[in-house]
Structures are given as structure tokens and as C-alpha cells.
Amino acid sequence: MKAVRFHATGGPEVLRYEDAEQPVPGAGEVRIQVAGSAYNPADGGIRGGFLPIPVTLPHVPGYDVSGTIDALGDGVEGLTVGENVVGFIPMNADGSAAQYVVAPASALVKAPVRIPLADAAGLPSVGLTASQALFEAGQLKAGQRVLINGAGGPVGGYAVQLAKRAGAYVIATASPRSSEIVKAAGADEIIDHTATSVLDAVAEQVDVLLNLAPITPDGFTALVTRVRDGGVVVSTTPTVTTPGDDERNVRAATIFVHPDADVLSNLVALIDSGDLHVEIARRVPLSELPAIHQQAEAGQIHGKVVAVPPAV
């Protein structure tokens, strides 16, 4: 089979589009003929060797997958050969940037039917991150106010949609490039952070502050003043400590996304009902994935990119 792999950690130049041995599913696993493999910034971190996720070299990147089951390992129940699935698969195992990938059956759910199968790869990890941040960590409820800082990225797009659907009042920061997408996602207010101070623009305090963007420690601490007493600060940026405020009982939580098939199934159902939309910025052949890593290093990737392997 064809795959993108790296044999040593380093820059995008270590990636190779090459022949690799087709994997065989073990007990509790299935093999998927890949329809789509989504690129995520963490793929670059793993490739570069500066994320603390151990991998065996050579390594196939890609932990978001959509495709069709073509083989079952021992003990797999509830899934069948020929079934279209989507999943967030282990980040330390060989991934989906290949024609075939092996994945735990427990990480997979039926793929949405409302959108192209390849595009469904753009859902799992970012959709789960948004849901876990808002509802598990943030405990967001109808009628509350949420500030989503960095709403223009893939996680932000889902966060805006899910928060709005939950009945929250959504304030979102976005650049002019992404403001229309954020508006279409349902944001009640959009702050152009390139032209306006977010601190000054949020006049009324919020119940939940969700940070999805690079931010300085001082800037993050300042934003906490815009959270009401007893509110929550949630962040997906582990490089900066998530600040709270003990005196005002403002809780802090940092999100590390984890697999959750039940939540992922619910997200798929929302897609099929038309209540959640998947935004794919670009679809590229798998052979171009090394170039996507290169463009990401240069800050040229905006939105979700899905790599599509060649037909088998």
C-alpha cells in the first residue's frame, strides 16, 4: 500500500510518500480502507519530536480517519466489513495517512451519510475537543454566555455551533479572514481581534471562557477578569498555564482530547440531521501531505485539510 511515513523525527522534509506493508488487525481491531485522513497541528509536533507522544519509527501520521472497514480482528462485534466508519484513533500508533490503517473497534462509529465520506475525517478529534471543552470541562448550559477566543480555527467552528445549539449566547473572536465562517456557525457577537482589544470589547462578563488560540500568560490572566464569579476558564493550549481566580471561585481546566465513541456518535447524528456542519478548507491527494506539513510550518494552513489516498 501507499503511505506517508517518517523514519526519523524532524522537519517536513523527513516525510516520505512510499510503499509500506499493509497492516493486519489484531484482536479487537479492524482494518479500514482509508477515504480521508485529516491533518492536525499535533501531527507536526509528533513528526518534529517535540510532543511527548512516543511513536515507533517509521511512523505513519494521522489520527483522524474516515473510511470503509475491510477486515475484522478477533472478537470485534457491532461492526461489519463494508461499513463506513469514522474515528479518533490512537496518536502513538500508525495512523491514517495511508491506503489502509488498523484501529481499535472501540474508537470507531458509523460515518455520517449526509457528507462525503472523506470529509468526515475532519470531525473526530476537533469535534470531540470542542464538545469536551464546552460541556465536560465548561459545563455550559442554556442561557449562559460563552467567550470563544480563537473561534476561526477548526475546533472553534464546532465550538460555536455546539454552544449555540445548546442555547448559549456566543461571543467569538476571529480575524476578518474567518469572520464569515464564524458568523455562519451562529456566533451572536464577533470580535475582530486584529483591530479591537478583546478585553475592551467584552462589556458583560461571561460564564465560560474557552481559549483556543495562542496567548501570552499576561493576556490570558487579563481575560479572566471578564469571567463572572463562579465561572470557568477552559483552554486547549497546554503551553500556557490556564489561569483561574480562587478568590472569585473561577475554575480553570486544560483540555486534552480523549476518545469517546458515544459523544462522537452524537456529533455524527447532528451532522446527519443538519444541525452540525463540517467545514473542509482543502482536499488534497495523499501524496501532497508532506507539502501540507511544509505549508503548516510556514503558517499557510487555514481551516481543515483532508488528504485522500489513491483508490485501491
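**Exercise 1.** Which residues does Val 85 touch, not counting residues up to four places away in sequence?

*Solution.* Start by placing the residue in this predicted model. Val 85 belongs to strand β5, which covers residues 84–88. Now list the partners: Val 85 touches Ile 32, Val 65, Ser 66, Gly 67, Ile 69 and Leu 79, and also Leu 108, Val 109, Lys 110, Ala 111 and Leu 117.

**Exercise 2.** Decide whether Val 85 is buried or exposed.

*Solution.* First, take the cut-off: buried means under 20% relative accessible area. Next, look up the value, which is 1% relative accessibility for Val 85. Val 85 therefore counts as buried.

**Exercise 3.** Describe how helices α2 and α3 cross.

*Solution.* Two packed helices are described by the angle between their axes and the distance between the axes. Here α2 spans residues 124–137 and α3 spans residues 154–165. Their axes come within 8 Å and cross at roughly 50°. That angle makes α2 oblique to α3. As for handedness, α2 passes α3 in a right-handed crossing.

**Exercise 4.** Work out which residues of α2 and α3 meet, and of which class they are.

*Solution.* From α2 come Val 126, Gly 127, Thr 129, Ala 130, Ser 131, Leu 134 and Phe 135; they meet Pro 154, Val 155, Tyr 158, Ala 159, Leu 162 and Ala 163 in α3. Sorted by class, this contact has 10 nonpolar, three polar and no charged residues.

**Exercise 5.** Find the span that UniProt lists as "domain: Enoyl reductase (ER)" and describe it.

*Solution.* The unreviewed UniProt entry gives residues 10–307. In the model, this span is 24% helix and 26% strand, and its end C-alpha atoms lie 21 Å apart.

Note on methods
Residues numbered from 1 in each chain as written. Predicted model: local features only at pLDDT ≥ 70, side-chain atom pairs only at ≥ 80, totals over all residues. Heavy atoms only, no water. UniProt positions renumbered as here; feature names shortened; annotations may be inferred. Helix = DSSP H or I, 4+ residues; strand = E, 2+ residues; numbered from the N terminus. Buried < 20%, exposed > 50% of the residue type's maximum accessible area, 1.4 Å probe, protein only. Contact = heavy atoms within 4.5 Å. Axes fitted to C-alpha atoms, helices over the stretch in contact; angles between N-to-C directions. Parallel < 35°, antiparallel > 145°, perpendicular 65-115°, else oblique. Left-handed = near helix turned anticlockwise from the far one by under 90°. Nonpolar A, V, L, I, M, F, W, Y, C, P; charged D, E, K, R; others polar.
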